[in-house]
Amino acid sequence: QVPLVESGGGLVQAGGSLRLSCAVNGYYRDVGAMGWFRQPPGKKRELVAVITSTGTTTYTDSVKDRFTISRASAKRTVYLQMTGLKPETSAVYYCTAVLQIDDPNRYFPYWGQGTQVTVSS
């Protein structure tokens, strides 16, 4: 069973918008911080945005004022609203979350399978 299920990637023209979604799949005692990373072709995976269980958000500088991260569905779904997309934004976007399975004192990091975002010029 895949713990994180992503959707919403695709092809969009420069200046357009996309919304990525990621839902926790299956039973977990608790869900901690959730976030999005991306990996452009030939480059390392990098942080895009993170949101804590209490709603505190952090963004990488290059997406501030254009991307918005949010949570819903009892904090088990995370969204990334992307506007003003640029060709250099093209990458595989990965959802990540820290999940509590049984032990109330331990959280484990999980990754989604990735969703492709391609921005054409």
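These notebook entries record what I looked up about a disulfide and a serine.

**Basis.** I worked from a predicted model, in which local features need pLDDT of at least 70 and side-chain atom pairs count only at pLDDT 80 or more, while totals for chains, interfaces and linings use all residues. Residues are numbered from 1 along each chain as its sequence is written, and side-chain values use heavy atoms, with hydrogens and water left out.

**Disulfide.** I searched for disulfides (a pair of cysteine sulfur atoms within 2.5 Å) and found one in the structure. C22 and C95 form it, with their sulfur atoms 2.1 Å apart. I read -80 degrees about the S-S bond, which makes the link of C22 and C95 left-handed. C22 lies in strand β3 (residues 18-24) and C95 in strand β9 (residues 91-100), so the pair ties together parts 73 residues apart in sequence. Strands here are DSSP runs (E, at least two residues), numbered from the N terminus.

**Burial of the cysteines.** I took buried as under 20% relative accessible area (1.4 Å probe, protein chains only). C22 is buried at 1%, and C95 is buried at 0%.

**S90.** I located S90 in the loop between β8 (77-82) and β9. S90 is buried, with a relative accessible area of 15%. I then listed the distances of its side chain: a polar atom of the S90 side chain lies 2.9 Å from the backbone oxygen of P87, and the S90 side chain reaches the backbone nitrogen of V119 at 2.8 Å. Leaving out residues up to four places away in sequence, I noted contacts (heavy atoms within 4.5 Å) of S90 with P40, P41, V117, T118 and V119.

How values were computed: Helices (H or I, at least four residues) and strands (E, at least two) are DSSP runs, numbered from the N terminus. Buried means under 20% relative accessible area, exposed over 50%, partly exposed in between (1.4 Å probe, protein chains only). A polar contact is a pair of N or O atoms within 3.5 Å; within protein, one must be able to donate a hydrogen and the other to accept it, and residues adjacent in sequence count only if both atoms are side-chain atoms.
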